[in-house]
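Reader: Hello! Could you walk me through this model, with the cut-offs spelled out as we go?

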Amino acid sequence: LGDRITRTVLSLSGDPPVLCIHCIDPDWASYKLGVFVCLNCSGVHRNLSNISRVKSIRLDFWDDELVKVMNGSLTAGVNTNPGSGDLTGVLREQWIRAKYERMEFTGETKYPPLAYTTGMLWKKGKEKGQFQRRKFVLSEKEFTLVYYNKEDPSKGPKALISIKDVNVTFQPEKIGHAHGLQITYQKDSHTRSIFVYHESGEEIVNWFNAIRAARFAYLKTAYPTGSDKELRTRITRNYLKEGYMEKTGPMQKETFKKRWFILDSQDRKLLYFKSQLDAEELGVVFIGTETNGYSVSECIPKRTRGNRWRCGVTVDTPDRQFVFMCEQEREQREWVEALREVISKPMQPQDYTSKSHVTSIHTTGDS
């Protein structure tokens with residue numbers, strides 16, 4: 001009987017199935033909402049007990065009456081999915097709440113475009129790394145993001161950031177807050193980062209979506225012939241790989257130093273920082289293609305002065321060879337695979353411009 005009911009529940013999923021989001025391996029179901037969900041989404045649905053009830057398709061018992069309830073609820077499912085890549089905890093939760101709790105995707109509520117988004121965010125400051133409340137203003141009309149050190153805007157902004165080069169990504173573990181957001185932008189040929197959060201998950205996701213909307217509007221203006229599908233891939237992105245490695249200098253005789261690395265596959269940049277919450281990089285390595293003289297491999301360095309780790313990664317470029325050390329073999333393999341993924345991608349016209357800007361940028365002599 002159990003197997004028969006399980007097969008019956010699975011047969012309700014349809015083709016395509018009615019999913020909570022773009023769930024992979026949806027082994028759970030909300031019988032009140034009539035949607036199939038993955039393990040990650042099921043946890044969020046449990047916190048929406050007033051509107052959702054979840055059960056495992058294979059492990060929980062489904063009686064005939066419950067199957068009928070599930071079948072009768074299927075028409076309520078609407079396959080609307082976020083287009084921002086991997087879903088972090090807060091983005092997943094707020095998307096589900098917006099979809100089922102606040103009913104924002106029914107089409108009944110109209111949201112007029114906002115010329116400005118204004119609000120207070122907690123921003124990491126330079127002094128002792130403490131977070132302080134700062135006023136932020138996002139202008140979709142002017143394609144700018146501005147923040148003020150004081151709540152009084154008459155004293156002028158602390159920074160005016162062009163949306164042209166902005167990227168935004170959730171970084172809860174790095175920032176130490178479930179709603180942590182990293183905003184990066186270009187300034188004087190360097191990559192600058194600011195780290196912010198908001199106590200409200202809904203509020204920080206609204207900021208995330210507002211910045212993405214401003215980016216999309218900018219891209220449509222800058223590339224009028226580009227299709228929406230093509231432009232959406234360039235709105236914002238998560239970094240391909242992040243983490244600590246040890247790094248030596250160009251002579252490979254210098255002392256190894258622990259650095260935080262970020263691999264940005266879209267811009268083909270390997271950036272390194274003294275620590276993971278630094279506002280500006282120490283240096284950048286452009287990652288080209290194999291035909292242009294770039295390669296990556298595992299290695300055992302001949303000289304390891306000052307290093308504590310033993311799993312080496314060598315990156316060869318036309319200009320020099322870089323040697324990095326990872327703490328574990330798993331991290332070594334992940335870095336090699338990630339770098340090879342970038343190297344295997346064909347160069348785009350904008351990549352040659354990016355390469356010319358990157359050439360041996362070192363802001364503090366850390367080479």
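Author: Gladly, and a definition comes first: contact means heavy atoms within 4.5 Å. This is a predicted model, in which local features need pLDDT of at least 70, side-chain atom pairs count only at pLDDT 80 or more, and totals for chains, interfaces and linings use all residues. Residues are numbered from 1 along each chain as its sequence is written, and side-chain values use heavy atoms, with hydrogens and water left out.

Reader: How many helices and strands does the protein chain have?

Author: Helices (H or I, at least four residues) and strands (E, at least two) are DSSP runs, numbered from the N terminus. On that basis, the secondary structure of the protein chain comes to 9 helices and 17 strands.

Reader: Which strands do the buried residues of helix 8 pack against?

Author: Buried means under 20% relative accessible area and exposed over 50%, with partly exposed in between (1.4 Å probe, protein chains only). In helix 8 the buried residues include Trp335, Leu339 and Val342. The buried residues of helix 8 pack against strand 11 (241-247), strand 12 (257-264), strand 13 (269-273), strand 15 (295-299), strand 16 (311-316) and strand 17 (321-326).

Reader: Why do the buried residues of helix 8 line one face, and within what arc do they fall?

Author: An α-helix has 3.6 residues a turn, so residues three or four places apart point the same way. The face of helix 8 turned away from its buried side carries the exposed residues Glu329, Glu337 and Ser344. Taking the arc as that of the directions from the helix axis to the C-beta atoms, the buried residues of helix 8 line one face because they fall within an arc of 165°.

Reader: What is the distance between the end C-alpha atoms of helix 6?

Author: The expected span of a helix is 1.5 Å times one less than its number of residues. Helix 6 (residues 201-222) has 22 residues and should therefore span 32 Å. Its end C-alpha atoms agree with that, being apart by 32 Å.

Reader: What is the order of the strands in the open sheet of 7 strands?

Author: Two strands pair if DSSP finds at least two bridges between them. Strand 4 (residues 116-124) and strand 5 (residues 131-139) run antiparallel and are joined by 9 bridges, while 4 bridges join strand 6 (residues 144-148) to strand 7, again antiparallel. The edge strands, each pairing on one side only, are strand 7 and strand 8. The order of the sheet is 7-6-5-4-10-9-8.

Reader: Is Ile163 buried or exposed?

Author: Ile163 is found in the loop between strand 7 (159-162) and strand 8 (167-170). Leaving out residues up to four places away in sequence, Ile163 touches Leu138, Phe143, Thr144, Leu145, Ala214, Arg215 and Tyr218. Because its relative accessible area is 0%, Ile163 is buried.

Reader: Which side chain makes a polar contact with the side chain of Thr236?

Author: Thr236 sits in the loop between helix 7 (228-232) and strand 11, and at 11% relative accessibility it counts as buried. A polar contact is a pair of N or O atoms within 3.5 Å; within protein, one must be able to donate a hydrogen and the other to accept it, and residues adjacent in sequence count only if both atoms are side-chain atoms. At 2.6 Å, the partner of the Thr236 side chain is that of Arg212.
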